[in-house]
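Me: I've got a model open and a few things I'd like to talk through. Can you help me find my way around?

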Amino acid sequence: MQTKKIGMVCAAAFMAALLATGCGKKSSSRVVETSAENRAAETAASVAASSGSAESSTAAAGSQAAEKRALISAKTENYQKDNISIGYPVVSGLTDSAQQEKLNAHLKENALSPIEALLTDAAKDKLTVTAEVISADADRVVVVYRGEMQRSGDAAPVQLFYSNTVAVRSLKDLGLRDAVDADSMANYALSDAFELANAGESEVNAYKAWIQANGKDALQKSIAEKLEASDFPLKKGDDGKLKWPESFSYVKNGEIYFSLSLPAEYGSVVVFKYDMVTK
């Protein structure tokens with residue numbers, strides 16, 4: 001696979017797309033607070049350069065001040081009912097309180113979606129999910145969820161991984177399919193150059209064994225289809241029930257992370273890391 005070419009082609013579009021943007025008891029802890037000062041500085045410089053006047057400088061300063069007022073923070077709260085515990089983010093600091101309320105409702109709905117999409121009996125099944133806010137600013141909120149699920153009748157629990165990138169202004173869910181070629185990422189996942197995030201030798205060997213057992217040619221189409229259907233928003237199947245994607249993605253520090261669901265004997269979930277600079 002021509003991975004360097006893929007990185008060059010996908011980088012700009014991917015960064016623009018993904019980086020543009022009950023009856024439960026609650027327990028809160030602050031997770032992240034991010035600043036938009038760099039973006040404000042760029043806005044100020046652009047305005048000042050366009051006119052070179054004192055008025056432009058004043059406008060730039062005003063823009064910077066407005067951007068600083070748009071600083072937001074995010075904490076996690078917890079939904080708890082029966083054997084279900086799910087962390088979800090709560091954003092504060094937006095100047096538009098109505099938009100902030102909509103954003104928080106959207107984030108929570110997505111965070112709790114495994115209850116409807118995955119559980120067979122919410123009163124008996126077990127589900128524990130923690131939320132990590134990767135970043136939160138005036139443009140987008142990025143959240144990663146990790147957990148464990150055991151449905152009634154299952155012999156053992158399975159890993160659960162999902163993520164959500166939401167554009168603050170439009171409330172659009174952003175994902176891998178917005179900017180990256182699924183076939184190219186499938187090639188990467190099947191190449192010798194793949195890299196798993198936070199994985200040890202046993203996880204890497206298990207994934208290699210899965211590839212060997214199924215064959216690269218047979219897996220190519222299957223993985224590409226999973227990546228093409230990745231991320232939120234969830235869609236309903238013919239049975240009217242939400243369909244759970246077999247892949248989720250997010251961007252952190254210029255690197256693409258995307259997951260694939262595997263059979264339990266191979267680890268349930270693997271998360272790939274794709275460096276758009278070195279690849």
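This is a predicted model: local features need pLDDT of at least 70, side-chain atom pairs count only at pLDDT 80 or more; totals for chains, interfaces and linings use all residues.

Me: How much space lies in the largest pocket, and which residues are closest to its centre?

Reply: The largest pocket holds about 430 Å³ of space. Its lining is made of 21 residues. Closest to the centre are Gln-159, Ala-197, Asn-198, Val-269 and Val-271.

Me: Which helix supplies at least two residues of that pocket's lining?

Reply: Strands E4 (126–136), E5 (140–150), E6 (158–167), E10 (249–252) and E12 (269–275) each supply at least two lining residues.

Me: How many residues of the lining are nonpolar, polar or charged?

Reply: The charged residues in the lining number 4, and so do the polar ones. The nonpolar count is 13.

Me: On to H8: what arc do its buried residues fall within?

Reply: H8 (216–228) has 13 residues and spans 18 Å from first to last C-alpha, close to the 18 Å expected. Its buried residues are Leu-219, Ile-223, Ala-224, Lys-226 and Leu-227. In an α-helix there are 3.6 residues a turn, so residues three or four places apart point the same way. Seen down the axis, the buried residues of H8 line one face because they fall within an arc of 160°.

Me: What covers that buried side, and which exposed residues are on the face turned away from it?

Reply: The cover over the buried residues of H8 includes helix H6 (182–190), H7 and E11. The face turned away from the buried side carries exposed residues, namely Asp-217, Ala-218 and Lys-221.

Me: Where is the cis peptide bond between Phe-232 and Pro-233, and what is its omega?

Reply: Pro-233 sits in the loop between H8 and strand E8 (235–236).

Me: Asn-253 has a positive phi although it is not a glycine; is it buried or exposed?

Reply: Its phi is about 55°, and Asn-253 lies in the loop between E10 and strand E11 (255–261). The cut-off for exposed is over 50% relative accessible area. Asn-253 has 71% relative accessibility, so it counts as exposed.

Me: And Ser-268, also with a positive phi: buried or exposed?

Reply: Ser-268 is not a glycine either, and its phi is about 75°. You'll find it in the loop between E11 and E12. Buried means under 20%. With a relative accessible area of 10%, Ser-268 is therefore buried.

Definitions and conventions
Residues are numbered from 1 along each chain as its sequence is written. Side-chain values use heavy atoms; hydrogens and water are left out. On a 1 Å grid over the protein atoms alone, a cavity is a set of points where a 1.4 Å probe fits but cannot get out, and a pocket is an open set with protein on both sides within 12 Å along at least five of seven lines; lining residues have an atom within 4 Å of a point. Grid points are joined across faces, edges and corners, and a volume is the space filled by probe spheres set on the points. Helices (H or I, at least four residues) and strands (E, at least two) are DSSP runs, numbered from the N terminus. Ala, Val, Leu, Ile, Met, Phe, Trp, Tyr, Cys and Pro count as nonpolar, Asp, Glu, Lys and Arg as charged, and the others, Gly among them, as polar. Buried means under 20% relative accessible area, exposed over 50%, partly exposed in between (1.4 Å probe, protein chains only). The expected span of a helix is 1.5 Å times one less than its number of residues. The arc is that of the directions from the helix axis to the C-beta atoms. Contact means heavy atoms within 4.5 Å.
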